[in-house]
Amino acid sequence: MRAATASLLTLALLTSPVPAFAGIGEISDPIAVTQSSRIFGASDVPGATLSIDLEAYGYVEEEYFLAGTADSYRRAKKGAVPDKTGIAYTTRIIVRRPADRSRFSGVVHFEPIHPSQGGTTHWLTTGRYMMGQGDVYVAAAISDDRPSRRISAEGPAPTAQSQVTKWFDPVRYAPLSWPQEDGIAYDVMASIGKLLRSEREDNPLKGWPVKAMLVGGWSFTGSIQRTFINEGFHDRARLPGGKPVFDGYLIGISSRWNGGGYVPLNSEEPQTANADPRRTLRTIDVPVIEFLSEFEAATGPGPQVPDREGKAGGHRLYEMGGTIHSSSMTDPRQPRSERPNLAQLAAKGYPLDAVRGETTDEPCSAPLSDVDHPAYIRASLDALRHWVLDGVEPPHIAPLVRDGDKIARDAAGNPLGGVRAAEFVVPLAGYGPYKGTDKPGCFPAKGRPIFVRNDLPHEDLVSLYTSRAEYLREFDAAVDALVSARWLLESDARDLKMRARSRSLTAFEAP
């Protein structure tokens, strides 16, 4: 019955009328990079420790400007319908690809650039994995949003990505022009995806045979995927012959039960209420994985869409405790100010501390959560990739366990249920919100809590393991089990085992 339902769904989409998107009129050649003219959001930025050296992987980076027109939409009884039409824009994409085309795997990853300060968290978290596979990555500037525009207006410097890009280099980015109406984002996203899979001579990937295009994004760029799907834009975005432009979605740290988990259709539309049925993730003809940190799961306790099998209509929900939103998504050992785009801004005199944006360093002096969140994200992307390419079903996992309005925790203080990191299964610490009162910077009066690492006392470690050698044996076994269950990749498993040896060096020494 499940297979028959999926087949009927696919047939309905392929035989339904496919509205045309206004599309892209002009595409530049790659914009030259010189000593005085750099790509904003480049992968490798001198002095930024979260940089990724593309040359070491045999990759190159190019930036293109795209000009076209698009429509914005409004909500009607039959769904999203065009409201304002033919809105002109000029935007940009960043393409990272193998220098040798013969290495191309056929997979393209599409990430919308975050509207706040131009972040690309999906790349920072999974870029090395993508390059190891021979995939192509594209970052696309498709939107500002209401909060980023408001913060830009308040000063002292812009935060909206279209504005901060020009602030960074007003000469290089003089041709860019983004309208006040962010409702064109959905048209623009679909148009860029169609372009990259087209036979147009000016397509930056002309001659690169694309087997699949996967969308990935976190926080706002996760939410815009849910809106893109639920308002029918995925169904409209079709290739000649009716196949979808996008073959799979990874919706990160965005829950339909969180206020920001859904993006308004246009710049005037109010935010939808959390209980609005519009927010319930629709079944589409490609698979979707949702990945939530403990923050989204704990603050959005409503019922979630159940897991479903199959490439057409497939769905997985992964929840991971001990982590909070984007705080630990790149490298838990590095402050977020080490991101390349923020380092570029700081080098130009941008007042990072005075401008609230997507990424600011935590003020807490306690050890922050260092659960290897990114490793489990990479495994999830790998699972989506194999689901789309090979039809291999990803693993299932039960959601985080609830204790009233909180997440239940074990004796060490670690979350129960969800994706159980090796740090929880064989703990040296408990991971959760700071509960003390002696460090004011660790318990903000409002907003997101701060997750910290509470090291277990020496006597507890001795009781649990008797010795460091026994701890390492158990930890290695837990990591191997996670690899077997496809929650970790082999490369990340090796790194985790090395980190465990470093973390435990003094843990078993008597005080």
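Tutor: The discussion below takes up helix packing, the sheet, ring pairs and the backbone.

Tutor: This is a predicted model, in which local features need pLDDT of at least 70 and side-chain atom pairs count only at pLDDT 80 or more, while totals for chains, interfaces and linings use all residues. Residues are numbered from 1 along each chain as its sequence is written, and side-chain values use heavy atoms, with hydrogens and water left out.

Student: Why are α13 and α14 called roughly antiparallel?

Tutor: Helix α13 (residues 468–484) and helix α14 (residues 490–503) pack at about 165°, with axes 10 Å apart. Axes are lines fitted to C-alpha atoms, for helices over the stretch in contact, and angles run from 0 to 180 degrees between N-to-C directions. Angles under 35 degrees count as roughly parallel, over 145 as roughly antiparallel, 65 to 115 as roughly perpendicular and the rest as oblique. The two helices are therefore roughly antiparallel.

Student: Which residues of α13 and α14 meet, and of what class are they?

Tutor: Among them, Y471, L472 and F475 in α13 and A493 and L496 in α14 take part. The contact (heavy atoms within 4.5 Å) has eight nonpolar, no polar and six charged residues. Here Ala, Val, Leu, Ile, Met, Phe, Trp, Tyr, Cys and Pro count as nonpolar, Asp, Glu, Lys and Arg as charged, and the others, Gly among them, as polar.

Student: Why are α5 and α6 described as roughly perpendicular?

Tutor: Helix α5 (residues 185–196) and α6 pack at about 90°, with axes 11 Å apart. The angle lies in the range 65 to 115, and α5 and α6 are therefore roughly perpendicular. A185, Y186, M189 and A190 of α5 touch I224, T227 and F228 of α6. This contact has six nonpolar, one polar and no charged residues.

Student: What makes β1 and β11 the edge strands of the sheet?

Tutor: Nine strands form an open sheet with mixed pairing, in the order β1-β2-β5-β7-β6-β8-β9-β10-β11. β1 (24–27) and β11 (315–320) each pair on one side only. Two strands pair if DSSP finds at least two bridges between them.

Student: How do you know that β8 and β9 pair?

Tutor: Five bridges join β8 (residues 212–218) to β9 (residues 248–252), and the two run parallel. W218 stands opposite G252 in β9. Helix α6 (residues 220–230) packs on the sheet and touches β6 (107–112), β8, β9 and β10 (288–293).

Student: Why is the pair of W218 and F291 called edge-to-face?

Tutor: The structure holds 20 aromatic pairs. Rings of Phe, Tyr and Trp (its six-membered ring) pair if their centres lie within 6.5 Å; planes under 30 degrees apart count as stacked, over 60 as edge-to-face and the rest as tilted. The centres of W218 and F291 are 6.0 Å apart and their planes stand at 65°, so the pair is edge-to-face. W218 in β8 and F291 in β10 are 73 residues apart, and the pair links distant parts of the chain.

Student: What is the phi of S219, and where does S219 lie?

Tutor: S219 has a positive phi of about 65° although it is not a glycine. Its place is in the loop between β8 and α6.

Terms used:
Helix = DSSP H or I, 4+ residues; strand = E, 2+ residues; numbered from the N terminus.
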